[in-house]
Amino acid sequence: PPHPGLTFPTMETETMRIPAHQIMVDIETKGCWPNSAIVSIGAVAFGPKYPDFLDAVEFYRVITMDSCIRLGLGTDPETITWWANQDQKALAEHARKDAFDLANALRDFSRFMVDVEAVWSRMDFDAVILANAFRACSLPQPWDFKQNRDWPTFRKLFSAPSDEPPWFEKETPHIAVDDARHQARWAAAIMSRMGWPGGWVE
């Protein structure tokens with residue numbers, strides 16, 4: 001597995017259902033526009049049920065570039081150049097043999113996103129690109145736009161220096177599920193310190 005020692009649903013998982021939770025979403029793409037091709041989707045449920053994040057419910061799909069291109073989703077040269085300078089572990093994920101067609105990955109994602117209270121991401125990037133991908137595949141988005149929460153704004157306004165968690169040993173930045181997990185742990189730490197529901201405080 002790409003991340004030994006960390007538990008998350010495998011690529012073969014057929015049905016994933018979670019109770020009402022906060023969900024941190026991260027995507028990797030080949031562009032920065034709303035119609036950008038998606039490399040991968042990662043999502044992590046967080047809250048009091050998962051204090052150590054080693055048994056948290058997670059979602060991860062790597063997506064074939066061909067399936068994105070067929071739907072009219074595109075790439076841009078600046079992003080391609082940026083990827084060339086990233087960690088080789090993150091780049092290796094782009095070539096996984098068990099990558100999914102975009103529509104099938106989004107259907108799996110919809111099965112994961114059940115009874116969700118709030119969806120955290122960068123709203124002007126992840127949320128916009130995902131919404132466009134659902135439209136391109138003629139699939140309904142499984143959460144309402146009112147459930148979107150902007151993670152960078154929340155972090156900027158409320159994070160204290162002690163809230164940012166260290167990266168787990170097996171995690172790599174720009175692997176979508178690793179980014180989502182790291183951001184979820186950070187958000188949960190902020191919420192816990194502030195006594196907000198959805199952090200580690202019931």
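Student: With which side chain does the side chain of Arg 185 make a polar contact?
Tutor: In this predicted model, the side chain of Arg 185 has a polar contact at 3.3 Å. The partner is the side chain of Glu 171.

Student: Is Arg 185 buried or exposed?
Tutor: Arg 185 sits in helix H7. The relative accessibility of Arg 185 is 7%. The cut-off for buried is under 20%, so Arg 185 counts as buried.

Student: How many of the residues of H7 are buried?
Tutor: H7 runs over residues 176–194 and has 19 residues. The helix is mostly covered. Of its 19 residues, the number buried is 16.

Student: What distance does H7 reach from its first C-alpha to its last?
Tutor: At 1.5 Å a residue, the expected value for H7 is 27 Å. The model comes close to that expectation. From first C-alpha to last, H7 reaches 27 Å.

Student: Which residue follows H7?
Tutor: The residue after H7 has a positive phi, near 75°. That residue is Gly 195.

Student: Which element of the protein chain has the lowest mean pLDDT?
Tutor: The mean pLDDT of the protein chain is 85, with 82% of its residues at 70 or more. Among the elements, helix H5 (residues 123–136) has the highest mean, 98. The lowest mean is 90, and it belongs to H7.

Student: Over residues 198–202 pLDDT stays under 50; how many contacts beyond four places in sequence does the model have for them?
Tutor: Contacts here are heavy atoms within 4.5 Å. For residues 198–202, the count beyond four places in sequence is 21.

Notes: Residues are numbered from 1 along each chain as its sequence is written. This is a predicted model: local features need pLDDT of at least 70, side-chain atom pairs count only at pLDDT 80 or more; totals for chains, interfaces and linings use all residues. Side-chain values use heavy atoms; hydrogens and water are left out. Helices (H or I, at least four residues) and strands (E, at least two) are DSSP runs, numbered from the N terminus. The expected span of a helix is 1.5 Å times one less than its number of residues. Buried means under 20% relative accessible area, exposed over 50%, partly exposed in between (1.4 Å probe, protein chains only). pLDDT is the predictor's confidence in each residue, from 0 to 100. A polar contact is a pair of N or O atoms within 3.5 Å; within protein, one must be able to donate a hydrogen and the other to accept it, and residues adjacent in sequence count only if both atoms are side-chain atoms.
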